[in-house]
Amino acid sequence: MELDDLKKSWSEASNQVRIDNKMIDQITKSKYKTGLKKIIYPEIIGILICILAAIYIGLHFDKLDTNLLKGTGVLAIIILVILPGISLMSLLQFNTIGDLNKPYSETLKDFATQKNRFHKLFKINSTLSYLLLVTVIVLLSKLFGENDITKSKYFWILSFSLGYIFLLFYSKWVAKHYTNSLKQIEDLLNELKH
């Protein structure tokens, strides 16, 4: 009789441990995905904006009447296509480390590798954004204005100065946001280790 009770108690305890492990795994995956969504959603919005801007420039390409403007338009379209490609590459890599069933050391190593790659791709995107800013400023008057505002002596000074200052602070803010999100995910993975 005692043996049957012991077997029953052992079975219940074993089932409870499995249920607890499943709950911990589900909570961890949920927190992991929530942390990634803080990066994924802004990147998707940026990808859509780049694609729409490339389409807009392509549809209004006939307004670019000089070879310089046409070359700048082509360069802008190329950059607007490359930027989403790099963003997609950086986002898709995180799907490969979403397997939390691996050993913790392997998961942490994979995450560290992917995080470093993400930061490198982000730096490339930031650098290309500065080049995109130049092309957009050059195309600005032809695509959006009916008056040639580029003949104003203040246009070039103000547009480049304000554009670069905005882009500098914005890219630093985004980098800080992404770093914090990745740090939260890394902390979550480190907690699982213990």
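Why does L52 count as exposed? I looked up its relative accessibility, which is 57%, so L52 counts as exposed (exposed is over 50% relative accessible area, buried under 20%, partly exposed in between, with a 1.4 Å probe and protein chains only).

I note that this is a predicted model, in which local features need pLDDT of at least 70, side-chain atom pairs count only at pLDDT 80 or more, and totals for chains, interfaces and linings use all residues. Residues are numbered from 1 along each chain as its sequence is written, and side-chain values use heavy atoms, with hydrogens and water left out.

**Overall fold.** I recorded four helices and zero strands (DSSP runs numbered from the N terminus: helices are H or I of at least four residues, strands E of at least two). Of the 194 residues, 31% count as buried.

**Helix α1, L52.** I found L52 in helix α1. I then looked up the contents of a nonpolar surface patch: I51, L52, I55 and L59.

**Helix α1, E43.** I placed E43 in helix α1, which spans residues 2-59. E43 is buried and has no salt bridge (a side-chain nitrogen of Lys or Arg within 4 Å of a carboxyl oxygen of Asp or Glu). The nearest side chain of opposite charge, K123, is 15 Å away. I next checked the polar contacts of E43 and found that its side chain makes one with the side chain of Y178, at 2.7 Å (a pair of N or O atoms within 3.5 Å; within protein, one must be able to donate a hydrogen and the other to accept it, and residues adjacent in sequence count only if both atoms are side-chain atoms).

Technical notes: Lys, Arg positive; Asp, Glu negative; His and termini not counted. Patch = residues over 30% accessible without salt bridge, like charges linked within 9 Å, V, L, I, M, F, W, Y side chains within 5 Å. Areas by Shrake-Rupley, 256 points an atom, 1.4 Å probe, with all protein chains shown as cover.
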